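Q: I'm new to reading protein structures. Could you walk me through one, feature by feature?

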Amino acid sequence: MRLGNLIKELDFIEIVNINDYDEEVEGIKYNSKRVQPGDLFICLTGEHVDGHEYAEEALANGAIACVVERRLSIEAPQIVVPSTEEMIAKISSELFANPSRKLNIIGVTGTNGKTTVTHLIQKLYEAFNHKCALIGTLGHKFSSENEYKDAKHTTPQAPELQELLWNINEKCIDNVVMEVSSHSLVQHRVDYVDFNGAVLTNLTQDHLDFHITMNNYFKAKAMLFSELVTGDFAVINNDDEYAEKFKEVISPSVNTYTYGVTGKADVMAKNISFDNDGASFTCVVKGKEYKTKLSMNGMFSVYNVLAAVTTALALGFDIEKSINVLEKIPGVAGRFEIVITKPTVIVDYAHTPDGLENVLKAAREITPKEAKLICIFGCGGDRDATKRPKMGAIAEQYADKVIVTSDNPRSENPQQIITDILAGFKSVNEVIVEPDRELAIKEAYKLANANDVVLVAGKGHEDYQILADETIHFDDREKVREIFYGN
């Protein structure tokens, strides 16, 4: 795309030192070190870094111009705009020919369950012979059979996202299901993405280090639903505390569907039971009943499947076939993943109070009466500290034995994080504290009998541990197999 044609589409304050409007814009970069000749450099202002300070480096690496929020005192081509954070999405969408307009895109948001629900919806699309790409926490893939690629963020930054949507369109894939994080909504990463549907899993405490209040967190998530237009659809967890507030921001012209376990909803589950093989329930869709036996376990899995069934209803898919497809899906890596048996060791991504409570309840359901439920968990550093004592209290309430350890301490002192967690316990006499995560798993190995259940929570699919000065390889699943099986 020619630079002049791109500039015509922008809301700019002034143009500085641009002489050649016919130059081709080859790409968009916001990291000066990654700039290549022909790129447009966007000076983003973040929490810790101001991109304006790197404009000269970007120009030296071949940038044809810089998009800035303030005129720089250098003799270089500049496009001055009110907000580079907002403008980067517009520029990215224009450069890649507004790819989302040619795609059917469903956004899934919520505190927990986004990854699983997107995978379930992708499977449903494919079962009805519709190609569907997936974008989310584990990365992106063009079909359920492909391997994941790139997982720097749950929702990519605008240039990467728009390029990915362009690639999806080039591959003749018509449908996309993607996780939409609250950060991405506030930071304008998904601006100029034309969503055709939105799904809410739930809203519970998380990311308050960023949003500060739950109301701000709600407002961020609600942005996805407020942008829906006539002909789009919304799927809402009717049991969620914020359900009615979400409904209030949805236009009356949008088709809204609900699901739940309590009260009334379009799609409901009743007669729910759990065993070692999974969850069983009666799925009620618009008054019609379907016996359902999942390969996944826990109440959270019931809710995730209800979200997928409701999306199938919104898309006009056959419900009986949809349920049959969902029944066969074993789950997602690192989400209530049973790594070994005898004892049963489960690895899960739960890193919020609600997430930990849900997975502990699910683990309790499959713990024999005379056996112990052992929980290993920690909390991430440089993140919402207020959830730490809450998670400690939840672990003490639902587990028979708790081992508190580290989980991506980042720049914080691991011992301080653990101290914050312990503040939530009524009694710390029975708690085992082991900051070394590998040694914590070894402690569980010593404690566990053949019939016991061990939950290793917090990291799930992650295969790394972020420390103050380095990131090391660490995979809970690998360590569990190594320690419990000796290989």
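Q: Which residue is the bridge partner of Ala198 in S11?

A: Keep in mind that this is a predicted model. Strands of a sheet pair through backbone hydrogen bonds, either parallel or antiparallel. Here, Ala198 has Ala234 as its bridge partner in S11. Strands S10 and S11 (residues 233-237) run parallel and are joined by three bridges. S10 is also joined to strand S6 (residues 104-109), again in parallel, by four bridges, and Thr109 stands opposite Leu200 there.

Q: Which way do the residues of strand S10 point?

A: In a regular strand the side chains alternate between the two faces of the sheet. In S10 (residues 197-200), Gly197 and Val199 point one way, while Ala198 and Leu200 point the other way. All of them are buried.

Q: Which residues have the most contacts inside the largest nonpolar core?

A: In soluble globular proteins, nonpolar side chains tend to be buried together. The largest such core here has 41 residues, and Cys283 and Val309 have the most contacts inside it. Helix H10 (residues 299-315) gives the largest share, nine residues. Look at Val309: leaving out residues up to four places away in sequence, it touches Val267, Cys283, Val285, Ile319, Ile323 and Leu326. Another core, of 33 residues, lies apart from that one and includes Leu103 and Phe195.

Q: In what order do the six strands of the open sheet come?

A: The order is S16-S17-S21-S18-S19-S20, with mixed pairing. Strands S16 (337-340) and S20 (432-433) are at the edges, each pairing on one side only. Helix H16 (residues 476-485) packs on this sheet, touching S16, S17 and S21.

Key. Residues are numbered from 1 along each chain as its sequence is written. This is a predicted model: local features need pLDDT of at least 70, side-chain atom pairs count only at pLDDT 80 or more; totals for chains, interfaces and linings use all residues. Side-chain values use heavy atoms; hydrogens and water are left out. A nonpolar core is a set of buried Ala, Val, Leu, Ile, Met, Phe, Trp, Tyr and Cys residues joined through side-chain atoms within 4.5 Å. Buried means under 20% relative accessible area, exposed over 50%, partly exposed in between (1.4 Å probe, protein chains only). Helices (H or I, at least four residues) and strands (E, at least two) are DSSP runs, numbered from the N terminus. Contact means heavy atoms within 4.5 Å. Two strands pair if DSSP finds at least two bridges between them. Axes are lines fitted to C-alpha atoms, for helices over the stretch in contact, and angles run from 0 to 180 degrees between N-to-C directions.
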